[in-house]
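Let's take a walk through this structure together. Have a look at the fold first, and then we'll go through it piece by piece.

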Amino acid sequence: MDQWLDANFWQTIIQKTGLWFITSVPSILFILILAVIALKSFGFGMKRVKVFMAERMKSSGRIDSDEADRRLETLTRVLTTLVKIVLWTMVGMLILKKIGVDIAPLIAGAGIAGLAVGFGAQELVRDVISGFFILLENHIRTGDVASINGATGVVENIGLRTTSLRDPQGVIHMFQNGKINSMSNLTKGWSAAVFDIGVAYKEDTDSVSAIMEEIAGDLAADPEISPLLLEPFELLGVDAFGDSAVVIKARLKTKPLKQWVVKREYLRRLKKAFDQKGVEIPFPHQTLYWGSASPPVAVDQVVSTENLESKDYQKVK
């Protein structure tokens with residue numbers, strides 16, 4: 001207790017603290033500055049590599065520019081996250097060493113903990129491996145419209161452990177990569193606007209097909225819609241006989257994510273053309289039938305039946 005009142009004790013503490021600040025704090029600041037410079041340099045380098053790779057992909061002609069951008073964005077985001085984790089882990093260990101903490105037991109403990117986690121967290125390992133192969137095989141990219149385990153939406157993030165979708169209602173769906181059983185990419189490479197046009201049975205299907213091709217030609221001549229189309233209009237013909245309509249199927253091949261824009265505009269123009277040329281688009285009808293009432297029963301028949309029943313009852317009794 002007396003040492004807390006000793007002036008030499010506090011003088012020694014102040015000297016050691018000042019010496020630590022003089023020798024260690026500049027080193028810690030230097031490490032942090034180097035870490036920030038390394039991150040900035042890595043980010044700058046990734047931007048240059050991204051531009052270079054995008055130009056290479058576009059010049060090859062095998063990948064669309066939007067698709068190349070989405071693919072590179074996905075890969076650079078995952079790679080940047082990994083580099084940040086590794087770099088800040090190393091910085092934390094160096095700072096602990098400068099403070100005076102012996103990091104050798106920490107490293108040994110981390111190795112043992114990693115081994116225990118490897119045995120216990122098999123699901124996590126499975127998620128990471130599945131996420132790695134999703135990225136490696138380029139199944140989906142950030143910005144794609146995909147269907148995963150029955151949920152459909154825009155891919156907002158792809159990580160090594162989880163993948164997230166945002167559906168049209170704005171709901172985020174999170175999936176562990178190891179538990180993805182089914183995956184469908186609706187916008188990889190190219191997309192298609194598929195039309196199932198139903199017309200009344202009395203309509204001439206050849207005339208209706210001609211109208212559909214005419215509208216498709218007008219759409220291809222539109223300077224706003226034409227860049228979104230990849231191939232000419234495909235009229236597949238009569239596809240089915242419905243309950244109240246003949247279904248004619250057609251298709252327009254579009255750039256990724258543009259099929260809905262093209263489909264809405266085509267249907268808008270087709271409806272106007274059908275109205276102008278008197279083509280009937282069937283809709284459900286319901287017929288009501290009022291049945292006739294049953295004939296009335298005579299009163300004397302009811303009375304005689306009751307008397308007969310009473311007599312029979314008396315005989316049996």
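Two notes before we start. This is a predicted model, where local features need pLDDT of at least 70 and side-chain atom pairs count only at pLDDT 80 or more, while totals for chains, interfaces and linings use all residues. Residues are numbered from 1 along each chain as its sequence is written, and side-chain values use heavy atoms, with hydrogens and water left out.

Start with the overall picture. The chain has eight helices and eight strands; these are DSSP runs, numbered from the N terminus, with helices being H or I of at least four residues and strands being E of at least two. Of the 317 residues in the chain, 27% are buried, meaning under 20% relative accessible area with a 1.4 Å probe and protein chains only (exposed is over 50%, partly exposed in between). Now take the contacts, meaning heavy atoms within 4.5 Å. Among those between residues at least 6 apart in sequence, 64% join residues at least 24 apart.

Next, the inside. A nonpolar core is a set of buried Ala, Val, Leu, Ile, Met, Phe, Trp, Tyr and Cys residues joined through side-chain atoms within 4.5 Å. The largest one has 24 residues, and those touching the most other members are Phe195, Met212, Phe233, Leu252, Tyr266, Leu270 and Phe274. Strand S6 (191-199), helix H6 (205-221), strand S8 (246-254) and helix H7 (259-277) each supply at least two residues of this core, and H6 gives the most, with six. Pick out methionine 212: setting aside neighbours within four places in sequence, methionine 212 is in contact with Ile197, Phe233, Leu235, Ile248, Ala250, Tyr266 and Leu270. Apart from this core lies another, of 12 residues, with Ile148, Ala151, Ile158 and Ile180 among them.

Beyond neighbours within four places in sequence, the contacts of serine 191 include Leu252, Thr254 and Pro256.

Finally, the empty space. Rolling a probe the size of a water molecule over the atoms shows where such space is left. A pocket is an open set of points on a 1 Å grid over the protein atoms alone, where a 1.4 Å probe fits, with protein on both sides within 12 Å along at least five of seven lines; lining residues have an atom within 4 Å of a point. The largest pocket holds about 240 Å³. Its lining has 13 residues, with Phe42, Gly43, Met46, Lys47 and Thr80 nearest the centre. The largest share of this lining, eight residues, comes from H2.

Definitions and conventions:
Points joined across faces, edges and corners; volume = space filled by probe spheres on them.
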